[in-house]
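Please look through the structure shown below with this briefing beside you.

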Amino acid sequence: MSHDDIYSFYKLISEYRITIPVIQRAYAEGRKTKQAEDVRKSIVASIIEAVSKKGKTLFFDFVYGNVLPPENKGAISKFVPFDGQQRLTTLFLFHRYVFERAEEPRDILKNFSYETRASAKEFIEKLCDNDIIPADKSDVSDYIKDQKWFYNDWLNDPTISSMLVVLDEIHKQACEQNIDFGKALSHLKDNTITFHFVDMKENGLPAATYVKMNARGKSLTAFENFKASLEEFLKDNYKNFYDKLKDNIDGKWLDLFYGQTKPDLPDALIMAFFNRHLLNVWALEFSKIKKTASNELKVFDDRIENDLISFPKIDTFISWDIYKTILAKCPIKKTIRPIFNFLEYACDKDTIIENIRPYQKWDVFKGKDSNFSETYPSKVAFYALMSYFGQDEYDAKSFSNWMRIVWNIVENQTIDKDSYPSALRLFDELAKNSHRIYEFLSDSNNKITSGFAKEQVEEERLKARKILASSAWEEKILEAERYEILLGKINILFQSGENTTEDEFERRFTLLKSLHKNKDKYHIVKVLVSYYNKQIPSEKINLINTPENLKQLVTKVFSKEFKIIETDTINPAIKYEWIKELARTTLLNESREDEGRKYLNKYGDRIVLWGTKGCKWNVFGNEVGGNVILGDSKRNAVLKSLGLPNNAFVTDYNKQNCIFFSGWYTNFKFKDNFFQWWTKENTEQCDIYLMEKDWEDWKKRGKPLTNKTNTEADEYFAFNVTDEMLKNPELVKAELRKLIKESSK
């Protein structure tokens, strides 16, 4: 293109009669959608800035179309645009506004017209013939709609409605900026706002060529809008970053993301990469000023949370206003630099992707589990990763060390909505030394002000000192951290803390693996429980066998117990009956594991294994199932001694290889009669009750006992099991038969 092809709107309208053809769509920049609003505000702001600031220019790319010969002798040629309709219409409206404010004759503006609808054509003529700007800051659209020449039916024309909205935006921003309209007019007449003007006929370009270059009527994708706005921002403020973006975004960086998305286009994934980091940066910065933040910033924070999407779809539009505010409030060294550095090194260094995941399944491009989603832990991991690249250097070993520390902390600390900012602050503090993290952590003189994940950070300090002491230590530590039920938390292997030797560390690790790899998958749980020495657990203890829960049991809940275990066998000196039942039976193996429900908790003065099969009782009139009362050896011994078949226990847990009959109550059949073992809560209650048919209720005596027992046996057919009965099962059977006989009289 030559300089002769550079036109301003004023030059174009001076030489040609611009006619928007029937085939073009309606004017769209005044639509009341989120995307249109952002584009409208941005383009009007850019135009006003260009005509207000000395030396400021604005370039509107290409305008394509055909130039047609004059229709009448003495008339000027007609220009019919194929592409550029939206920009040309916005420029027309801006010129129309400035001409009136600068008291410039408006006849030349009549060279702009629409042929899409007669109403649009007539409306534009009326705009040129009449004043339209109110004396105050009230809307131009309201002023126009009050004029006699305006027809209400015109509001049904989408082009006219859109033009009114854009005129309102021009008036609003013009009133806010206090423009010198005389200077603005002169800027419009020179080359302040320009574009490449292409006569397709003159250049031998058929319409098909234009379609290939830019399909008519199709908006830019969300990513294209984002990329264009980012380029403009960097060009105006950070030339070096602008050059890097222009050199790579459609080349190496595009190829990098394309490799992650084949055969899909990578646009949304590239945009997501920026979004995810900027969300983190903003969350960190806002957390520092939240208490003193203005209402405007608080509203903006809410908007970010609602509008800035971590993984947008290909067509998800996000307002540039959000990005612009973040980039204005947060330093470039924390926003753009880390992203650009990572992308630059990731294209050239194969080791980056390899060193991101020491043991955790995670895709840096696609989020948690490669499923295009984010959790708070994955957000924090991503921020920590990007923080390493806040410095303009990369070393495979230091990066590997940093990511190992990152994952150890993220994996072993609860990170939710409330703790998310604290986690970001910790890694922001540590990142200053991310390229020498072992050296920093190993020196106790280097203070860490953040209190987040304090216990794990202290463990990392200890491991850093060991690793720097010898390569043998590093090998042992890394192997242990990768073990499936440890994943970075290996505090239990340091039996003697700082003084733990390599041999001692290795022995504890070997013991742990032996406990875990037993053919009985609940062996490790049973051994840990067998060394527990409390009459009643003080808190809920989950016993389900999953890698995540075993890690909690070994490294936290039973960490003290693990320290005193010397062999992989169950403790022979168990003190409490309920612990014996868990450790020495198959109850844990047989009870269900669905929904993670297999945990200990106290219920009054009893210990309950919640979430197991069978075992039902009524609570406030509702049947509750799936729990075992532990430590009720008397019941277990008696019911076992009866030698009843499995089908005699209709509501209880009665596996043949398990001795438990321990619901809150146990319903069973004997001699075709219905009985219930009741878990007594007071001295008046009995052990065994005769029941009505189908266990509907305890069976009452017709006449109370003459010889009072001061128990419920005076009113019901019931009895207590004596020590003699425990020794001789036949005595229990005899008492059951006695109740049956008495009840039949």
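Strand β16 (residues 673–678) and strand β17 (residues 688–690) run antiparallel and are joined by three bridges, where two strands count as paired if DSSP finds at least two bridges between them. Helices (H or I, at least four residues) and strands (E, at least two) are DSSP runs numbered from the N terminus. This is a predicted model, in which local features need pLDDT of at least 70 and side-chain atom pairs count only at pLDDT 80 or more, while totals for chains, interfaces and linings use all residues. Residues are numbered from 1 along each chain as its sequence is written, and side-chain values use heavy atoms, with hydrogens and water left out.

**The sheet around β16 and β17**
- Within this pairing, Trp677 stands opposite Ile688 of β17.
- Both strands belong to an open sheet of four strands, which has the order β15-β16-β17-β18 and antiparallel pairing.
- The edges are formed by β15 (665–670) and β18 (718–719), and because each has a single partner strand, one side of each is left without a neighbour in the sheet.
- Helix α29 (residues 633–641) packs on the sheet and touches β15 and β16, and its direction makes about 15° with that of β15 (axes are lines fitted to C-alpha atoms, for helices over the stretch in contact, and angles run from 0 to 180 degrees between N-to-C directions).

**The loop between β17 and β18**
- Asp694 is found in the loop between β17 and β18, and although Asp694 is not a glycine, its phi is positive, at about 60°.
- With a relative accessible area of 48%, Asp694 is partly exposed (buried means under 20% relative accessible area, exposed over 50%, and partly exposed in between, with a 1.4 Å probe and protein chains only).
- Asn710 also lies in the loop between β17 and β18, and its phi is near 60°, a positive value in a residue other than glycine.
- Asn710 counts as exposed, at 62% relative accessibility.

**Parallel pairing of β2**
- Strand β2 (residues 17–20) pairs in the parallel sense with strand β4 (residues 78–83) over two bridges, and Ile18 has Phe79 in β4 as its bridge partner.
- β2 also pairs in the parallel sense with strand β5 (residues 112–114), over three bridges, and here the bridge partner of Thr19 is Ser113 in β5.

**An enclosed helix**
- Nine of the 11 residues of helix α19 (residues 420–430) are buried, so this helix is largely enclosed by the rest of the structure.
- Among the buried residues of α19 are Tyr420, Leu424, Phe427 and Asp428.
- The helices against which the buried residues of α19 pack include α12 (267–289), α15 (332–348) and α21 (454–469), where contact means heavy atoms within 4.5 Å.

**A helix crossing**
- The axes of helix α2 (residues 34–52) and helix α6 (residues 158–177) come within 10 Å and cross at roughly 45°.
- α2 and α6 are therefore oblique to each other (angles under 35 degrees count as roughly parallel, over 145 as roughly antiparallel, 65 to 115 as roughly perpendicular, and the rest as oblique).
- The residues in the contact of α2 with α6 divide into seven nonpolar, two polar and three charged, where Ala, Val, Leu, Ile, Met, Phe, Trp, Tyr, Cys and Pro count as nonpolar, Asp, Glu, Lys and Arg as charged, and the others, Gly among them, as polar.
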